[in-house]
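Subject: Structure handover

Hello,

Here is the structure I said I would pass on. My notes on what was found in it follow below.

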Amino acid sequence: LGKKNNQLAESLGIPINEDACNTLAARKIEFVDYGVINGQRFFLTSLHIKNAGLRITCDNTFVIKAEKDNVELAVSNLLPSSIQNVGSGLLHPQDGKLEVIIRPQISGILSGLLNRRAYSKPSVFPFRRLLISAARPFTMISDGRETQESSIEITVAPKKLKIKLTKY
């Protein structure tokens, strides 16, 4: 709490140093959503999958197929996405939904010459249930924990986590 640029404290509206003590002493309690992975593990801030060929089913209503290993995907709840240009204005950790941000890689001569990956503008979809699968295992990072997966189901647990917030 005493550090500048603490994204989690900032997203909860907790200031730094002495003001943080006053904020926590106010004991304002709110209930926020969190994400559940395969019915067992959970994440509070975000989940990230990079450079994978994925099949993404959102709320059993539509499917996004990215056959090549050219998609970056993030699911965010409390912190802004690790994908650039997607700010925290989209995040509402008490709305009963999570947001999936999908950004495909653009292939072209210029990105090959620069030896850099170029990405198109991300698409953002709110959801309650998301199925992600791939032909080959992919690396998933959720709240800093890295695992290898071949398919996952992400659901939202609405307003299940008690947390102290200052935005009131």
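Leaving aside residues up to four places away in sequence, Ile 49 touches Leu 54, Val 71, Glu 72, Leu 73, Ile 132, Phe 138, Thr 139, Met 140 and Ile 152. Please keep in mind that this is a predicted model.

Ile 49 also belongs to the largest nonpolar core, which has 24 residues. Within that core, the residues that touch the most other members are Leu 47, Ile 49, Leu 54, Leu 73, Val 75 and Ile 154. At least two residues of this core come from each of strand 3, strand 4, strand 5 (98-106), strand 8 and strand 9 (145-164). Strand 3 is the biggest contributor to this core, with six residues. As general background, nonpolar side chains in soluble globular proteins tend to be buried together.

On the chain as a whole: there are three helices and nine strands. Read from the N terminus, the order of elements is α-α-β-β-β-β-β-α-β-β-β-β. The chain has 168 residues, and 39% of them are buried. Among contacts with a separation of 6 or more, 63% are between residues 24 or more positions apart. The accessible surface is about 10,000 Å², and carbon and sulfur atoms account for 50% of that.

Next, the second largest pocket. Its space comes to about 190 Å³. There are 14 lining residues, and those nearest the centre of the pocket are Gly 53, Leu 54, Ala 134, Ala 135 and Arg 136. Strand 3 (46-58), strand 4 (62-76) and strand 8 (129-142) each give at least two residues to the lining. Strand 8 has the largest share of the lining, with six residues. Sorted by class, the lining consists of seven nonpolar, three polar and four charged residues.

Two pairs may be of use if you want distances to check. Apart from residues up to four places away in sequence, Ser 46 touches Val 75, Ser 76, Ile 141, Ser 142 and Asp 143. The other pair is Asp 69 and Ala 134, which are 65 residues apart in sequence, with a C-alpha to C-alpha distance of 9.8 Å. Asp 69 is in strand 4 and is partly exposed, at 37% relative accessibility.

Last, the backbone. Asn 51 has a relative accessible area of 28%, so it counts as partly exposed. Asn 60 is another residue other than glycine with a positive phi, near 55°. Asn 60 sits in the loop between strand 3 and strand 4. With a relative accessible area of 57%, Asn 60 is exposed, because the cut-off for that class is over 50%.

Regards

Technical notes. Residues numbered from 1 in each chain as written. Predicted model: local features only at pLDDT ≥ 70, side-chain atom pairs only at ≥ 80, totals over all residues. Heavy atoms only, no water. 1 Å grid on protein atoms, 1.4 Å probe; cavity = no way out; pocket = protein on both sides within 12 Å on 5 of 7 lines; lining within 4 Å. Points joined across faces, edges and corners; volume = space filled by probe spheres on them. Helix = DSSP H or I, 4+ residues; strand = E, 2+ residues; numbered from the N terminus. Nonpolar A, V, L, I, M, F, W, Y, C, P; charged D, E, K, R; others polar. Buried < 20%, exposed > 50% of the residue type's maximum accessible area, 1.4 Å probe, protein only. Contact = heavy atoms within 4.5 Å. Areas by Shrake-Rupley, 256 points an atom, 1.4 Å probe, with all protein chains shown as cover. Core = buried A, V, L, I, M, F, W, Y, C linked by side-chain atoms within 4.5 Å.
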